[in-house]
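Take a look at the chain below.

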Amino acid sequence: MEPLRTRTARPSDVHDVLAFWKEAAEGTSISDDVAGVTRLVERDPEALILAEREGRLVGTVIAGWDGWRASLYRLAVHPDHRRQGISRVLLDAAHARFVAAGGRRADAMVLVENETGQAAWAAAGYEREEHWRRWVRPLA
């Protein structure tokens, strides 16, 4: 088996990433469209980290850094490739990005119903903070 390779996404990856999320990620986001992912990749070319094996996309994570917060989104591993350390490799790459930028803590967004995701985050050393609530308002 070919070793796992990580790299940052390019605009040409957008359609593949969106198709991958439909198969491997839990839930959807308001930004799960060509315009949203293209905007992310163009605005912050290091944010969307991909894991590939044998030329196939097997994992993703968005490592968003705004100069203040280190935020993680869309940690997803293809169901056929889970429990092989891919999440750990993706998170190591994201953490290295944050540390290099001066980040002090990483925050992850995880759906309440996503038990698989919650277990993965806990295994990676993340803890749920019950004293926070997410407040959202659509802008359009």
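## Charge, fold and sheet

The chain carries 20 positive and 21 negative side chains. The centres of these two sets lie 3 Å apart. Note that this is a predicted model.

Next, the surface. The accessible surface of the chain comes to about 9600 Å². Carbon and sulfur atoms account for 51% of that area. Of the 140 residues, 36% are buried.

Now the overall dimensions. The C-alpha atoms fill a box of roughly 45 × 35 × 30 Å along the principal axes. A compact globule of 140 residues would have a radius of gyration near 14 Å; the chain has 15 Å, which agrees.

The fold holds four helices and five strands. Along the sequence they follow the pattern β-α-α-β-β-β-α-β-α. Take the contacts between residues at least 6 apart in sequence: 62% of them join residues at least 24 apart.

Turn to strand β3, residues 56-65. This strand is mostly covered, with nine of its 10 residues buried. Strand β2 (residues 48-53) runs antiparallel to β3, and six bridges join the two. Here Glu52 stands opposite Leu57 of β3. Two residues lie between the strands in this hairpin. Glu54 takes a positive phi there, near 55°.

Strand β4 (residues 70-77) also pairs with β3. The sense is antiparallel, over six bridges. Gly59 faces Val77 of β4, standing opposite to it. The hairpin of β3 and β4 has four residues between the strands. In this hairpin Gly67 takes a positive phi near 90°.

Definitions and conventions:
Residues are numbered from 1 along each chain as its sequence is written. This is a predicted model: local features need pLDDT of at least 70, side-chain atom pairs count only at pLDDT 80 or more; totals for chains, interfaces and linings use all residues. Side-chain values use heavy atoms; hydrogens and water are left out. The radius of gyration is taken over C-alpha atoms; the globule rule is 2.2 Å times the number of residues to the power 0.38. Buried means under 20% relative accessible area, exposed over 50%, partly exposed in between (1.4 Å probe, protein chains only). Contact means heavy atoms within 4.5 Å. Accessible areas come from the Shrake-Rupley method with a 1.4 Å probe; for residues, only the protein chains shown count as cover. Lys and Arg count as positive and Asp and Glu as negative; His and the chain ends are not counted. The place of a charge is taken as NZ of Lys, CZ of Arg, CG of Asp or CD of Glu. Two strands pair if DSSP finds at least two bridges between them.
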